[in-house]
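Subject: Handing over a structure

Hello,

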Amino acid sequence: MVTGSLDMLLTEHRGKAAVSLLKNPKINAGTLLIEAIYTIDAVAPKYLQADRFLPTTVIRHLLDANGKNISQAISHEGLSQQCHKMDKPLSRKIVGSQKPLLDKLLKGR
């Protein structure tokens, strides 16, 4: 069961993504941050009561452009309050221009 869970964690690519504009005077304009929130659930038949022994776990990472995890310094709530919506064309343009860096950060290299 453990190796199956690890395999699912490493190979599953489902999720949602959003691009936001962060307005914070302490962070330089144009700084790229990636917030990744992972929910880990035990997948097992109900009669095993796996959730009793392996409860759902949430893991949060906030990566800067160097791949450093700064989630301890900036809370999810604090970050959410400072983010503003962007229109889709601009979001796509930003993601396209940052694609090599995003690929590198998301692959963990």
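Below is what was found in this structure, starting with the overall picture and moving on to single residues.

First, some background. This is a predicted model, in which local features need pLDDT of at least 70 and side-chain atom pairs count only at pLDDT 80 or more, while totals for chains, interfaces and linings use all residues. Residues are numbered from 1 along each chain as its sequence is written, and side-chain values use heavy atoms, with hydrogens and water left out.

How confident is the prediction? The mean pLDDT (the predictor's confidence in each residue, from 0 to 100) is 85 for the protein, and 85% of its residues reach 70 or more. Where pLDDT is low, the predicted coordinates should not be read in detail.

Now the overall build. The protein has five helices and four strands, and along the sequence they follow the pattern α-β-β-α-β-α-β-α-α. Both kinds of element are DSSP runs numbered from the N terminus (helices: H or I, at least four residues; strands: E, at least two). Buried residues make up 15% of the 109 residues; buried means under 20% relative accessible area, exposed over 50%, and partly exposed in between (1.4 Å probe, protein chains only). The accessible surface is about 9,300 Å², and 57% of that belongs to carbon and sulfur atoms. These areas come from the Shrake-Rupley method with a 1.4 Å probe, and for residues only the protein chains shown count as cover.

How many salt bridges are there? The count comes to two, where a salt bridge is a side-chain nitrogen of Lys or Arg within 4 Å of a carboxyl oxygen of Asp or Glu.

- Arg 60 and Glu 35 meet at 2.7 Å, N to O. Arg 60 lies in strand E3 (residues 57-63) and Glu 35 in strand E2, so this pair ties together parts that are 25 residues apart in sequence. Glu 35 is partly exposed, at 30% relative accessibility.
- Asp 103 and Lys 99 meet at 3.2 Å, N to O. Both lie in helix H5 (residues 99-107), four residues apart, about one turn of the helix. Asp 103 is partly exposed at 32%, and Lys 99 is partly exposed at 46%.

Arg 60 also turns up among the contacts of Ser 71, together with His 61 and Leu 62, leaving aside neighbours within four places in sequence. Ser 71 sits in the loop between E3 and helix H3 (76-82). Is Ser 71 buried or exposed? With 11% relative accessibility, Ser 71 counts as buried.

Lys 23 is in the loop between strand E1 (20-22) and E2, and counts as exposed at 54%. Not counting residues up to four places away in sequence, Lys 23 touches Gln 82 and His 84. The C-alpha atoms of Lys 23 and His 84 are 7.8 Å apart, although 61 residues separate the two along the chain.

Finally, the surface. Tyr 38, Ile 40 and Ile 59 make a nonpolar patch of about 230 Å². Tyr 38 belongs to strand E2 (residues 34-40) and is partly exposed, with a relative accessible area of 41%. Patches are made of residues with over 30% relative accessible area and no salt bridge: like charges are joined within 9 Å, nonpolar side chains (Val, Leu, Ile, Met, Phe, Trp, Tyr) within 5 Å.

Enjoy exploring!

Best wishes

Conventions
Contact means heavy atoms within 4.5 Å.
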